[in-house]
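Please keep the sequence and the model at hand while reading.

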Amino acid sequence: MDGYPNIHHLTASQVLAPIQLSKGINPIAEVKVARVARRPAILIRSSPWKAGSVETPWHDEFDLVNGRVTYFGDHRVDHTVPVGETQGNKVLRKAWASHRATTVQERTMAAPLLVFATVTRNKTPKGYVKFCGLAVIEGVEEVEQKDKGRLFPNFRYELALLDLSAENDLLNWSWIEARGDHRLSMAETLEHAPRSWRRWVEGGRAVLPGIRQRPLHLEESDVGPRSVSRSADEDTLFSPVSQSRRQDVSSVEHDNQQPALTAGLLMERLRNLRVHRRDGRISRHKPLALMWAIARNARGESRLAPWTQFRDEVGKLLIEFGRSHSSPTPEYPFWHLRTSGLWDVAGLSAEQANKISASLLDRSKPQAGFTRQADRLLRDPFVRSQAIAVLRETYFAEFAQHELMEQLGLAGYENASGIEALAEEQGQQGPAARRVTSASRIVRDVGLANKIKEMYSDHCQVCGTQLAKRFGTYSEAAHIRGLGQPHNGPDELANLLVLCPNHHVQFDTLAIYIDPDGIVRSTADGSHQGVLHRLPMHHIGEAHLRYHRALCGRDVPDQEALVSEPSPGTARRGEE
């Protein structure tokens with residue numbers, strides 16, 4: 001119609017009822033398969049031209065370059081039902097239960113999300129949509145929103161868009177039809193699924209860093225009514241920054257004006273901060289402020305922090321961990337981190353920007369923190385781990401960092417195993433001060449550890465050593481992505497290695513890592529330490545190895561995914 005593909009024609013089916021895109025959250029009806037309900041898909045639509053209206057008092061955020069969408073549920077200020085009982089929230093929360101499942105069988109039943117955004121064509125914002133990708137729910141949070149001064153609860157969903165480059169950025173609708181056919185088993189429907197979806201079903205959340213959507217690279221000749229190239233403006237379809245906010249002096253990189261930030265560019269900017277130097281020694285003001293902001297991000301706190309909080313908390317860090325010759329001046333990083341391209345300052349006028357001082361900030365009460373793009377990237381545990389490693393190695397390598405990491409609440413990033421969560425602490429009287437602590441202990445599968453050690457006959461996968469005991473032999477089972485916080489890795493064979501005690505300690509303390517070719521290298525200088533021995537029956541999760549490399553600050557970009565020929569009856573990501 002009007003030179004554009006018609007979505008109802010493309011998805012017409014003898015199996016499924018006609019799809020709907022009339023609401024924000026449009027579930028396709030469930031079918032019963034062996035007494036279990038299976039939903040073919042959930043179609044998500046966002047309307048930027050309605051954002052902030054009575055009908056849609058939300059501001060969804062689309063970061064297509066980095067494969068992330070922040071999407072709000074359908075609860076409104078006038079709803080009287082509980083926040084989780086509106087039709088859309090109910091559907092998405094049920095989907096979330098299967099998207100965070102820990103077993104392959106549960107994830108096989110999960111409903112895929114197909115994400116669309118309305119676009120303006122022919123001078124009208126109605127009737128045209130752009131397909132943005134295939135998604136799973138990465139996280140859910142209950143939030144408070146405001147509509148005309150009244151607060152109301154809602155759910156915010158963090159969606160991870162999956163890579164479709166192996167399908168040439170095409171989604172085969174026969175997969176959705178197969179999911180709606182009660183005669184087909186789940187194994188049969190997976191034969192039609194995109195490769196990234198099959199990898200997600202197999203590996204769950206741990207594989208998301210490796211299968212997240214990559215940006216489209218369409219040739220100029222491809223741009224036309226049936227194939228729309230995304231510009232930088234389209235990658236963030238709309239931003240919650242109001243027009244009035246643009247009068248403030250913000251970061252030198254406005255999200256809607258600069259090229260999209262990628263994980264690789266984020267690391268490059270962290271390594272190349274403009275920092276003051278004296279006698280060849282760099283100031284720690286900016287790195288300490290960034291570590292503090294990353295700790296806030298890890299705790300799920302808001303992107304921007306008030307100056308008074310920054311002043312007190314970062315000021316304390318500067319006194320304890322700054323250079324002895326440096327003055328603890330938190331106003332310096334609060335304002336000058338803007339030059340990094342990763343930092344926003346809000347609440348200061350252009351006139352005030354020319355005379356920054358602590359007293360001015362005290363009076364003006366501005367806020368500062370990561371840019372939206374940087375904040376979204378750092379929500380990914382993989383990206384956050386790598387960022388922490390880059391800052392530690394680049395700016396703090398010459399001093400013991402444990403006290404700093406503990407004070408920031410980032411001690412779990414010092415090793416591959418993480419830490420076990422403390423539930424509560426109580427003081428206790430006595431000749432010497434005592435503290436009673438209850439901890440949440442991780443229950444490890446001893447049988448699984450014994451199985452993998454038997455598989456390798458107690459030979460270290462790095463050096464081949466088999467330690468002899470008085471009776472029998474000895475080795476250790478090492479988790480690649482630790483079970484403790486913040487790593488929260490799975491207790492499964494794909495996340496285990498068999499190591500001798502020496503290499504176990506080195507692997508856990510991030511002294512060695514395994515590169516994409518299976519070479520064991522020293523983290524300090526990249527020198528060759530050995531080749532990881534793998535048995536054919538031992539599948540090692542590449543996503544786990546990559547997570548460990550990120551902790552070491554030694555990750556490398558993904559290789560380009562193979563491109564296969566598209567199947568007939570498909571819809572291209574980016575088409576209307």
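## A sheet of three strands

In what order do the three strands of the open sheet with β22 stand? The order is β22-β23-β24, and the pairing is antiparallel. Strands here are DSSP runs (E, at least two residues) and helices likewise (H or I, at least four residues), numbered from the N terminus; two strands pair if DSSP finds at least two bridges between them. Because β22 (512–514) and β24 (528–531) stand at the edges with a single partner strand each, one side of each is left without a neighbour in the sheet. The twist averages 25° from one strand to the next.

Strand β23 (residues 519–522) is joined to β24 by three bridges. V520 has G530 of β24 as its bridge partner.

## Basis of the model

The model is predicted: local features need pLDDT of at least 70 and side-chain atom pairs count only at pLDDT 80 or more, while totals for chains, interfaces and linings use all residues. Residues are numbered from 1 along each chain as its sequence is written, and side-chain values use heavy atoms, with hydrogens and water left out.

## A second sheet and its helix

Another open sheet of three strands has the order β13-β15-β14, again with antiparallel pairing. Its edge strands, β13 (304–306) and β14 (343–346), each pair on one side only. Four bridges connect β14 with strand β15 (residues 367–370), and V345 stands opposite A368 in β15.

Helix α11 (residues 307–321) packs on this sheet and touches β13 and β14. Its direction makes about 85° with that of β13 (axes are lines fitted to C-alpha atoms, for helices over the stretch in contact, and angles run from 0 to 180 degrees between N-to-C directions).

## Nonpolar cores

A nonpolar core is a set of buried Ala, Val, Leu, Ile, Met, Phe, Trp, Tyr and Cys residues joined through side-chain atoms within 4.5 Å; buried means under 20% relative accessible area (1.4 Å probe, protein chains only). The largest core has 55 residues, and L266, L270, W343 and F370 have the most contacts inside it. Helix α10 (residues 285–298) gives the largest share, eight residues.

Contact means heavy atoms within 4.5 Å. Not counting residues up to four places away in sequence, F370 touches residues including L290, I294, W343 and L378. Another core, of 29 residues, lies apart and has L16, A160, W173 and A543 among its members.

## A loop residue

L493 lies in the loop between β20 (476–479) and β21 (496–499). L493 and H538 are 45 residues apart in sequence, yet 7.3 Å apart in space, C-alpha to C-alpha.

Conventions:
Buried means under 20% relative accessible area, exposed over 50%, partly exposed in between (1.4 Å probe, protein chains only).
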